[in-house]
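Reader: I'd like a close look at one part of this model, please, with the cut-offs spelled out as you go. Pick a spot and take me through it.

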Amino acid sequence: MNSLQLVKYDMYSIFKSPLTYLALLLTILPLIGFTILFVRQSDEMNGNTLLSIGSWFFSIMGLLFVIKTITRDISQGTIQLYMNKTSSRIGYVIAKVISIILIAILITAVLVGFVLIVQGVVDGKNITTSKAFELLWFFLMFHLFFGLLLYLFSLIVPKTALIFTLGIFLVLIVPFAEPFLPMIPKIGDNIQDSLKYIPFSYLTSKTTSGDYTFTNWQWFITSASIVILFIVNIFYVSKKDI
């Protein structure tokens with residue numbers, strides 16, 4: 001199996017799995033519920049509001065897709081197969097990066113498509129094309145950072161339960177713990193301020209804020225983190241025996 005076949009298999013496994021459509025259903029149902037509540041209260045639904053609510057649900061779903069491709073490779077021995085040959089190791093990492101990018105594009109298209117369908121049915125402010133592209137860039141950054149981070153952990157400790165638990169912890173537990181940081185005596189406020197420059201903090205926060213733009217420092221830190229994670233993954237697979 002070459003690298004492009006692995007990408008094809010990653011995407012095929014997502015589309016053929018019944019769990020994918022169950023996850024999609026569980027993701028869309030709350031959005032439909034929110035839409036009904038908003039329409040009953042104000043007779044309209046702001047597309048940007050729906051996009052903001054949906055981005056949190058879809059970011060989790062997208063990350064679960066990424067985790068699925070990683071844990072599947074561990075459980076089915078795909079990693080061991082690729083690590084048998086040094087020449088195929090780098091190709092494997094590149095294939096996983098391409099798969100992550102395609103997953104980010106896929107969930108962006110589904111979310112934007114859902115919002116456009118709702119906008120065609122109910123009244124309200126429509127999302128702009130620029131907003132949709134902001135979401136796309138954000139999802140690319142979000143999934144590449146967390147995907148490469150979790151992939152590195154899977155190389156170090158190839159345990160499927162650990163990868164799944166870590167992914168859920170970073171996306172669900174960390175953001176909800178942040179409001180309690182100022183309660184820490186003396187250093188709480190300083191810690192909270194520093195989180196503005198830590199990717200796993202501000203990336204997850206942006207999934208609920210509706211603001212998909214980055215400050216200059218956040219752009220630099222996020223891009224640099226992705227590049228560093230990619231290089232570390234390449235270096236690690238070239239040296240480690242799986």
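Author: Ile105 is found in helix α5, helices here being DSSP runs of H or I with at least four residues, numbered from the N terminus. It's a predicted model, so local features need pLDDT of at least 70 and side-chain atom pairs 80 or more, while totals for chains, interfaces and linings use all residues. Residues are numbered from 1 along each chain as its sequence is written, and side-chain values use heavy atoms, leaving out hydrogens and water.

With a relative accessible area of 39%, Ile105 is partly exposed (buried is under 20%, exposed over 50%, partly exposed in between, with a 1.4 Å probe and protein chains only). Six of the patch residues come from helix α5, spanning 86-121, which gives the most.

Now for the rings: the whole structure has ten aromatic pairs. Phe138 and Tyr212 form a tilted one, because their centres are 5.6 Å apart and their planes at 35° (pairing needs centres within 6.5 Å; under 30 degrees is stacked, over 60 edge-to-face, the rest tilted). Phe138 sits in helix α6 (residues 129-156) and Tyr212 in the loop between α9 (199-209) and α10 (216-239), so this pair ties together parts 74 residues apart in sequence. Phe138 and Tyr212 are both buried.

Terms used. Helix = DSSP H or I, 4+ residues; strand = E, 2+ residues; numbered from the N terminus. Phe/Tyr/Trp six-rings, centres within 6.5 Å; stacked < 30°, edge-to-face > 60°.
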